[in-house]
Amino acid sequence: MVYHGIIHRYKGLLDIPQNIKAISLAEGNTPLIPAPAVAKALGASFDLFIKFEGLNPTGSFKDRGMTTAVSEAAHSGAKAVICASTGNTAASAAAYAARADMRAVVIIPAGKVAAGKLAGAIAYGADVIQIDGSFDDALTLVIKLSEKHPIALVNSLNPFRLQGQKTAAFEICDALGEAPDWLALPVGNAGNITSYWMGFTQYNTLKNTRLPQVLGVQAAGAAPLVLGYPIEKPETVATAIRIGKPARGEEALSAAQVSNGMIVSATDEEILAAQDLLAASGIWVEPASAAGIAGLKNKINDGTIDLEGKQVVAVCTGHGLKDPDIIAAKFKQPKILPPDLMTLEKEILHG
Ligand SMILES: *Cc1c(COP(=O)(O)O)cnc(C)c1O
(Lines give C-alpha, C1' and ligand atoms only; values in the text may rest on other atoms or scores of the structure.)
Protein backbone atom coordinates (compact mmCIF):
# COMPACT_ATOMS: atom_id res chain seq x y z
CA MET A 1 0.00 0.00 0.00
CA VAL A 2 1.28 3.43 -0.88
CA TYR A 3 1.87 5.60 2.17
CA HIS A 4 0.47 9.13 1.89
CA GLY A 5 1.85 10.99 4.90
CA ILE A 6 0.67 11.95 8.35
CA ILE A 7 -2.42 13.98 7.42
CA HIS A 8 -3.78 11.09 5.43
CA ARG A 9 -2.97 8.61 8.21
CA TYR A 10 -4.13 10.58 11.25
CA LYS A 11 -6.43 13.34 9.99
CA GLY A 12 -9.31 12.45 12.32
CA LEU A 13 -7.03 12.98 15.31
CA LEU A 14 -5.68 16.33 14.15
CA ASP A 15 -7.24 19.66 15.00
CA ILE A 16 -7.16 20.96 11.42
CA PRO A 17 -9.94 21.71 8.91
CA GLN A 18 -11.11 18.23 7.98
CA ASN A 19 -11.75 19.21 4.36
CA ILE A 20 -8.14 20.38 3.98
CA LYS A 21 -6.14 19.38 0.91
CA ALA A 22 -2.93 17.79 2.15
CA ILE A 23 0.32 19.30 0.91
CA SER A 24 2.43 16.22 1.56
CA LEU A 25 5.76 14.60 0.79
CA ALA A 26 4.76 11.35 2.48
CA GLU A 27 6.47 12.51 5.67
CA GLY A 28 6.34 10.53 8.91
CA ASN A 29 6.19 6.74 9.21
CA THR A 30 9.82 6.84 10.39
CA PRO A 31 11.40 3.73 11.89
CA LEU A 32 11.89 2.87 15.53
CA ILE A 33 15.34 1.35 15.43
CA PRO A 34 16.39 -0.92 18.31
CA ALA A 35 19.72 0.26 19.71
CA PRO A 36 20.93 -2.34 22.24
CA ALA A 37 24.61 -1.41 21.83
CA VAL A 38 23.85 2.22 22.62
CA ALA A 39 21.86 1.19 25.71
CA LYS A 40 24.75 -0.99 26.83
CA ALA A 41 27.22 1.86 26.39
CA LEU A 42 25.00 4.02 28.58
CA GLY A 43 25.64 1.50 31.32
CA ALA A 44 22.14 0.30 32.12
CA SER A 45 20.11 -2.65 30.94
CA PHE A 46 17.02 -1.31 29.24
CA ASP A 47 15.21 -1.48 25.90
CA LEU A 48 16.24 1.47 23.78
CA PHE A 49 14.67 2.49 20.48
CA ILE A 50 15.73 5.37 18.28
CA LYS A 51 12.85 7.18 16.56
CA PHE A 52 14.90 8.28 13.57
CA GLU A 53 13.25 11.47 12.41
CA GLY A 54 16.22 12.27 10.19
CA LEU A 55 14.57 9.95 7.66
CA ASN A 56 11.80 12.43 6.88
CA PRO A 57 11.73 13.90 3.33
CA THR A 58 13.90 16.94 4.12
CA GLY A 59 15.93 15.19 6.81
CA SER A 60 14.26 16.33 10.01
CA PHE A 61 11.05 16.03 12.02
CA LYS A 62 10.10 19.56 10.91
CA ASP A 63 8.33 17.98 7.93
CA ARG A 64 5.57 16.63 10.19
CA GLY A 65 4.67 20.12 11.31
CA MET A 66 5.24 21.68 7.93
CA THR A 67 2.77 19.44 6.10
CA THR A 68 -0.01 20.61 8.44
CA ALA A 69 1.12 24.27 8.64
CA VAL A 70 1.56 24.70 4.89
CA SER A 71 -1.61 22.75 4.06
CA GLU A 72 -3.56 25.04 6.38
CA ALA A 73 -1.88 28.16 4.98
CA ALA A 74 -2.80 27.08 1.45
CA HIS A 75 -6.33 26.20 2.61
CA SER A 76 -6.67 29.74 4.01
CA GLY A 77 -5.51 31.24 0.72
CA ALA A 78 -1.99 32.31 1.72
CA LYS A 79 0.41 32.84 -1.16
CA ALA A 80 3.58 32.90 0.94
CA VAL A 81 5.02 31.51 4.17
CA ILE A 82 7.74 32.92 6.40
CA CYS A 83 9.86 31.51 9.20
CA ALA A 84 12.89 32.13 11.34
CA SER A 85 15.15 29.13 11.41
CA THR A 86 18.30 27.53 12.70
CA GLY A 87 18.14 25.63 9.40
CA ASN A 88 15.81 22.65 9.40
CA THR A 89 12.61 24.68 9.56
CA ALA A 90 13.89 26.69 6.58
CA ALA A 91 14.60 23.60 4.48
CA SER A 92 11.26 22.07 5.38
CA ALA A 93 9.22 25.25 4.81
CA ALA A 94 10.96 25.68 1.47
CA ALA A 95 10.12 22.14 0.34
CA TYR A 96 6.45 22.26 1.35
CA ALA A 97 5.99 25.77 -0.06
CA ALA A 98 7.44 24.54 -3.35
CA ARG A 99 4.99 21.65 -3.24
CA ALA A 100 2.11 24.11 -2.68
CA ASP A 101 3.34 26.56 -5.32
CA MET A 102 3.86 29.21 -2.66
CA ARG A 103 6.72 31.53 -1.92
CA ALA A 104 8.89 30.74 1.14
CA VAL A 105 10.85 33.45 2.91
CA VAL A 106 13.29 32.22 5.53
CA ILE A 107 15.30 34.36 7.92
CA ILE A 108 18.39 32.78 9.40
CA PRO A 109 21.20 33.91 11.73
CA ALA A 110 24.20 34.61 9.49
CA GLY A 111 26.99 32.06 9.71
CA LYS A 112 25.11 29.88 12.20
CA VAL A 113 23.28 27.49 9.89
CA ALA A 114 24.78 24.11 8.97
CA ALA A 115 25.73 23.64 5.31
CA GLY A 116 23.26 20.83 4.56
CA LYS A 117 20.32 22.86 5.82
CA LEU A 118 21.13 26.05 3.97
CA ALA A 119 21.72 24.03 0.81
CA GLY A 120 18.28 22.46 1.21
CA ALA A 121 16.49 25.78 1.61
CA ILE A 122 18.21 27.10 -1.52
CA ALA A 123 17.64 23.94 -3.53
CA TYR A 124 13.89 24.02 -2.82
CA GLY A 125 13.82 27.63 -4.00
CA ALA A 126 13.27 29.67 -0.82
CA ASP A 127 14.21 33.32 -0.51
CA VAL A 128 16.93 33.00 2.09
CA ILE A 129 17.76 36.11 4.09
CA GLN A 130 20.62 36.08 6.58
CA ILE A 131 20.57 38.57 9.44
CA ASP A 132 23.40 39.75 11.59
CA GLY A 133 21.60 38.53 14.71
CA SER A 134 20.46 35.42 16.57
CA PHE A 135 17.62 32.96 15.93
CA ASP A 136 15.66 34.72 18.68
CA ASP A 137 16.09 38.06 16.84
CA ALA A 138 14.94 36.41 13.62
CA LEU A 139 11.85 34.98 15.31
CA THR A 140 10.86 38.38 16.75
CA LEU A 141 11.15 39.89 13.26
CA VAL A 142 9.15 37.23 11.40
CA ILE A 143 6.35 37.49 13.95
CA LYS A 144 6.12 41.24 13.24
CA LEU A 145 6.33 40.70 9.47
CA SER A 146 3.55 38.10 9.53
CA GLU A 147 1.35 40.45 11.56
CA LYS A 148 1.84 43.32 9.10
CA HIS A 149 1.67 41.38 5.82
CA PRO A 150 -0.45 38.56 4.36
CA ILE A 151 2.26 35.98 4.80
CA ALA A 152 1.74 32.89 6.97
CA LEU A 153 4.08 32.28 9.90
CA VAL A 154 5.19 28.64 9.98
CA ASN A 155 7.38 28.62 13.08
CA SER A 156 6.17 26.37 15.88
CA LEU A 157 4.16 29.26 17.33
CA ASN A 158 1.80 28.27 14.52
CA PRO A 159 -0.55 25.79 16.24
CA PHE A 160 -0.86 23.68 13.09
CA ARG A 161 2.83 22.79 13.37
CA LEU A 162 2.16 21.08 16.70
CA GLN A 163 -0.82 19.22 15.25
CA GLY A 164 1.47 17.58 12.71
CA GLN A 165 4.38 17.00 15.04
CA LYS A 166 2.29 15.19 17.63
CA THR A 167 1.82 12.33 15.13
CA ALA A 168 5.29 11.04 16.04
CA ALA A 169 3.89 10.16 19.48
CA PHE A 170 0.99 8.33 17.78
CA GLU A 171 3.42 6.37 15.62
CA ILE A 172 5.48 5.33 18.63
CA CYS A 173 2.39 4.06 20.48
CA ASP A 174 1.08 2.34 17.36
CA ALA A 175 4.42 0.59 16.79
CA LEU A 176 5.06 -0.46 20.39
CA GLY A 177 1.41 -1.10 21.27
CA GLU A 178 1.99 1.21 24.26
CA ALA A 179 3.81 4.41 25.13
CA PRO A 180 7.40 3.86 26.35
CA ASP A 181 8.39 4.41 29.99
CA TRP A 182 10.62 7.30 28.99
CA LEU A 183 10.88 9.58 25.99
CA ALA A 184 14.17 11.49 25.57
CA LEU A 185 14.53 14.31 23.06
CA PRO A 186 16.43 17.55 22.36
CA VAL A 187 14.76 20.85 23.23
CA GLY A 188 15.35 24.08 21.33
CA ASN A 189 12.35 26.30 20.73
CA ALA A 190 10.38 23.59 22.59
CA GLY A 191 7.69 23.02 19.96
CA ASN A 192 8.55 19.37 19.58
CA ILE A 193 8.47 18.39 23.24
CA THR A 194 5.13 20.21 23.49
CA SER A 195 3.84 18.29 20.47
CA TYR A 196 4.93 14.88 21.76
CA TRP A 197 3.24 15.58 25.07
CA MET A 198 0.03 16.57 23.25
CA GLY A 199 0.19 13.35 21.24
CA PHE A 200 0.80 11.06 24.20
CA THR A 201 -1.89 12.80 26.22
CA GLN A 202 -4.39 12.47 23.39
CA TYR A 203 -3.66 8.74 22.95
CA ASN A 204 -3.89 8.30 26.72
CA THR A 205 -7.40 9.73 26.63
CA LEU A 206 -8.49 7.93 23.46
CA LYS A 207 -6.74 4.58 23.71
CA ASN A 208 -5.72 4.40 27.32
CA THR A 209 -2.00 4.12 26.48
CA ARG A 210 0.19 5.23 29.38
CA LEU A 211 1.99 8.56 29.64
CA PRO A 212 5.78 8.41 29.32
CA GLN A 213 8.16 10.33 31.56
CA VAL A 214 9.72 13.00 29.38
CA LEU A 215 13.40 13.88 29.43
CA GLY A 216 14.02 17.11 27.50
CA VAL A 217 17.65 17.92 26.82
CA GLN A 218 19.13 21.34 26.08
CA ALA A 219 22.73 22.15 25.18
CA ALA A 220 24.63 23.51 28.18
CA GLY A 221 25.44 26.74 26.31
CA ALA A 222 21.78 27.24 25.38
CA ALA A 223 19.85 25.97 28.41
CA PRO A 224 17.35 28.67 29.42
CA LEU A 225 14.83 26.11 30.70
CA VAL A 226 17.41 24.48 32.94
CA LEU A 227 18.84 27.75 34.23
CA GLY A 228 15.49 29.49 34.54
CA TYR A 229 16.27 32.61 32.53
CA PRO A 230 16.70 33.55 28.83
CA ILE A 231 20.20 33.29 27.38
CA GLU A 232 21.26 36.39 25.46
CA LYS A 233 24.03 34.74 23.44
CA PRO A 234 23.40 30.99 23.23
CA GLU A 235 26.37 28.96 22.00
CA THR A 236 26.56 25.29 21.06
CA VAL A 237 27.73 23.03 18.23
CA ALA A 238 24.19 21.69 18.25
CA THR A 239 22.94 24.57 16.09
CA ALA A 240 19.37 23.25 15.84
CA ILE A 241 18.92 23.88 19.57
CA ARG A 242 20.98 27.04 19.78
CA ILE A 243 18.03 29.01 21.16
CA GLY A 244 18.11 31.32 24.17
CA LYS A 245 14.43 32.14 24.54
CA PRO A 246 12.20 29.18 23.62
CA ALA A 247 8.80 30.18 22.27
CA ARG A 248 7.15 27.15 23.90
CA GLY A 249 9.24 27.16 27.08
CA GLU A 250 6.29 27.17 29.47
CA GLU A 251 4.68 24.19 27.75
CA ALA A 252 7.99 22.30 27.81
CA LEU A 253 8.46 22.84 31.55
CA SER A 254 4.89 21.78 32.14
CA ALA A 255 5.29 18.57 30.07
CA ALA A 256 8.43 17.69 32.03
CA GLN A 257 6.74 18.36 35.35
CA VAL A 258 3.38 16.71 34.69
CA SER A 259 5.08 13.62 33.21
CA ASN A 260 7.33 13.30 36.23
CA GLY A 261 10.27 13.84 33.90
CA MET A 262 12.78 16.67 33.68
CA ILE A 263 14.63 19.14 31.48
CA VAL A 264 18.38 18.79 31.74
CA SER A 265 21.45 19.93 29.85
CA ALA A 266 24.41 18.26 28.17
CA THR A 267 27.71 19.84 27.19
CA ASP A 268 28.87 20.01 23.57
CA GLU A 269 31.46 17.37 24.39
CA GLU A 270 28.79 15.04 25.73
CA ILE A 271 26.55 15.72 22.74
CA LEU A 272 29.33 14.94 20.26
CA ALA A 273 30.23 11.76 22.19
CA ALA A 274 26.57 10.69 21.93
CA GLN A 275 26.68 11.44 18.20
CA ASP A 276 29.69 9.11 17.88
CA LEU A 277 27.97 6.45 19.93
CA LEU A 278 24.91 6.48 17.67
CA ALA A 279 27.08 6.44 14.55
CA ALA A 280 28.86 3.37 15.93
CA SER A 281 25.42 1.68 15.74
CA GLY A 282 24.91 2.85 12.15
CA ILE A 283 22.73 5.82 13.02
CA TRP A 284 24.28 9.11 11.92
CA VAL A 285 22.44 12.11 13.31
CA GLU A 286 23.20 15.80 13.45
CA PRO A 287 24.63 17.01 16.80
CA ALA A 288 21.38 18.41 18.25
CA SER A 289 19.72 15.07 17.58
CA ALA A 290 22.16 13.29 19.87
CA ALA A 291 21.28 15.49 22.85
CA GLY A 292 18.58 13.10 24.07
CA ILE A 293 21.12 10.27 24.35
CA ALA A 294 23.67 12.60 25.99
CA GLY A 295 21.07 13.66 28.58
CA LEU A 296 20.08 10.06 29.25
CA LYS A 297 23.71 9.17 29.85
CA ASN A 298 24.16 12.01 32.33
CA LYS A 299 21.07 11.09 34.28
CA ILE A 300 21.95 7.38 34.37
CA ASN A 301 25.49 8.24 35.53
CA ASP A 302 24.45 10.56 38.32
CA GLY A 303 21.79 8.11 39.48
CA THR A 304 18.85 10.47 38.97
CA ILE A 305 16.95 8.04 36.78
CA ASP A 306 16.85 4.29 36.97
CA LEU A 307 16.09 2.70 33.62
CA GLU A 308 16.66 -0.93 34.65
CA GLY A 309 14.20 -3.05 32.65
CA LYS A 310 12.47 0.01 31.21
CA GLN A 311 11.52 0.82 27.64
CA VAL A 312 12.98 4.08 26.35
CA VAL A 313 12.52 5.92 23.06
CA ALA A 314 15.11 8.54 22.13
CA VAL A 315 14.04 10.88 19.35
CA CYS A 316 16.81 11.61 16.87
CA THR A 317 15.44 14.70 15.23
CA GLY A 318 17.66 15.26 12.19
CA HIS A 319 20.04 13.46 9.84
CA GLY A 320 23.83 13.60 10.14
CA LEU A 321 24.12 14.71 6.50
CA LYS A 322 22.69 18.07 7.53
CA ASP A 323 25.87 19.07 9.29
CA PRO A 324 28.85 17.56 7.44
CA ASP A 325 31.31 20.18 8.71
CA ILE A 326 31.16 18.82 12.25
CA ILE A 327 32.50 15.51 11.00
CA ALA A 328 34.88 16.96 8.42
CA ALA A 329 36.47 19.02 11.20
CA LYS A 330 37.50 15.81 12.94
CA PHE A 331 39.85 14.84 10.15
CA LYS A 332 43.16 16.50 9.74
CA GLN A 333 44.72 16.27 6.30
CA PRO A 334 43.57 12.88 4.96
CA LYS A 335 46.54 10.76 3.91
CA ILE A 336 47.09 10.38 0.17
CA LEU A 337 48.91 7.22 -0.89
CA PRO A 338 50.24 5.99 -4.25
CA PRO A 339 47.79 3.68 -6.09
CA ASP A 340 49.84 0.64 -5.30
CA LEU A 341 48.66 -2.72 -3.92
CA MET A 342 51.52 -3.30 -1.51
CA THR A 343 51.33 0.20 -0.05
CA LEU A 344 47.58 -0.17 0.50
CA GLU A 345 48.00 -3.62 2.08
CA LYS A 346 50.61 -2.25 4.42
CA GLU A 347 48.38 0.66 5.38
CA ILE A 348 45.25 -1.46 5.90
CA LEU A 349 46.86 -4.37 7.74
CA HIS A 350 49.37 -2.48 9.83
CA GLY A 351 47.93 1.03 10.03
C1 LIG B 1 14.15 22.06 15.36
C2 LIG B 1 15.06 21.01 15.83
C3 LIG B 1 15.21 20.69 17.19
C4 LIG B 1 14.51 21.43 18.26
O5 LIG B 1 13.12 21.29 18.24
P6 LIG B 1 12.21 22.37 18.99
O7 LIG B 1 10.84 22.06 18.59
O8 LIG B 1 12.68 23.70 18.52
O9 LIG B 1 12.48 22.19 20.45
C10 LIG B 1 16.04 19.65 17.53
N11 LIG B 1 16.72 18.96 16.60
C12 LIG B 1 16.61 19.24 15.29
C13 LIG B 1 17.40 18.44 14.33
C14 LIG B 1 15.79 20.27 14.87
O15 LIG B 1 15.71 20.55 13.57
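Student: Start with the largest pocket. How do its lining residues divide by class?
Tutor: This is a predicted model, to be clear. The lining of the largest pocket divides into 11 nonpolar, 4 polar and 9 charged residues.

Student: What volume does that pocket have?
Tutor: The largest pocket comes to about 440 Å³. It is lined by 24 residues, and S134, D136, D137, I231 and E232 are the closest to its centre.

Student: Which helix gives the largest share of that lining?
Tutor: Helix α6, residues 135-148, with 5 residues.

Student: OK, switching to cavities. How many are there of 30 Å³ or more?
Tutor: The structure holds 2 of them. The largest cavity has about 290 Å³ of space. Its lining counts 29 residues, with F61, K62, G188, N189 and A240 the closest to the centre.

Student: Which elements give two or more residues to that lining?
Tutor: α4 (88-99), α7 (159-165) and α9 (191-207). Of these, α9 gives the most, with 3 residues.

Student: What about the second largest cavity?
Tutor: Its volume is about 30 Å³. The lining is T86, P109, K112, F135, T239 and R242. By class, that is 2 nonpolar, 2 polar and 2 charged.

Student: Now the ligand. Which space does it take?
Tutor: The ligand takes the space of the largest cavity.

Student: Which residues come nearest to it?
Tutor: K62, N88, N189, N192 and T317, out of 17 residues around the ligand. That shell has 7 nonpolar, 8 polar and 2 charged residues.

Student: How much of the ligand does the protein bury?
Tutor: 97% of the 380 Å² that the ligand exposes when taken alone.

Student: Remind me, where was the largest pocket centred again?
Tutor: Among the closest residues to its centre are D136 and E232. The ligand's space is the largest cavity.

Key
Residues are numbered from 1 along each chain as its sequence is written. This is a predicted model: local features need pLDDT of at least 70, side-chain atom pairs count only at pLDDT 80 or more; totals for chains, interfaces and linings use all residues. Side-chain values use heavy atoms; hydrogens and water are left out. On a 1 Å grid over the protein atoms alone, a cavity is a set of points where a 1.4 Å probe fits but cannot get out, and a pocket is an open set with protein on both sides within 12 Å along at least five of seven lines; lining residues have an atom within 4 Å of a point. Grid points are joined across faces, edges and corners, and a volume is the space filled by probe spheres set on the points. Helices (H or I, at least four residues) and strands (E, at least two) are DSSP runs, numbered from the N terminus. Ala, Val, Leu, Ile, Met, Phe, Trp, Tyr, Cys and Pro count as nonpolar, Asp, Glu, Lys and Arg as charged, and the others, Gly among them, as polar. A residue is near a molecule or strand if one of its heavy atoms lies within 4 Å of it. Accessible areas come from the Shrake-Rupley method with a 1.4 Å probe; for residues, only the protein chains shown count as cover. A molecule sits in a cavity or pocket if more than half of its atoms lie within 2 Å of its grid points.
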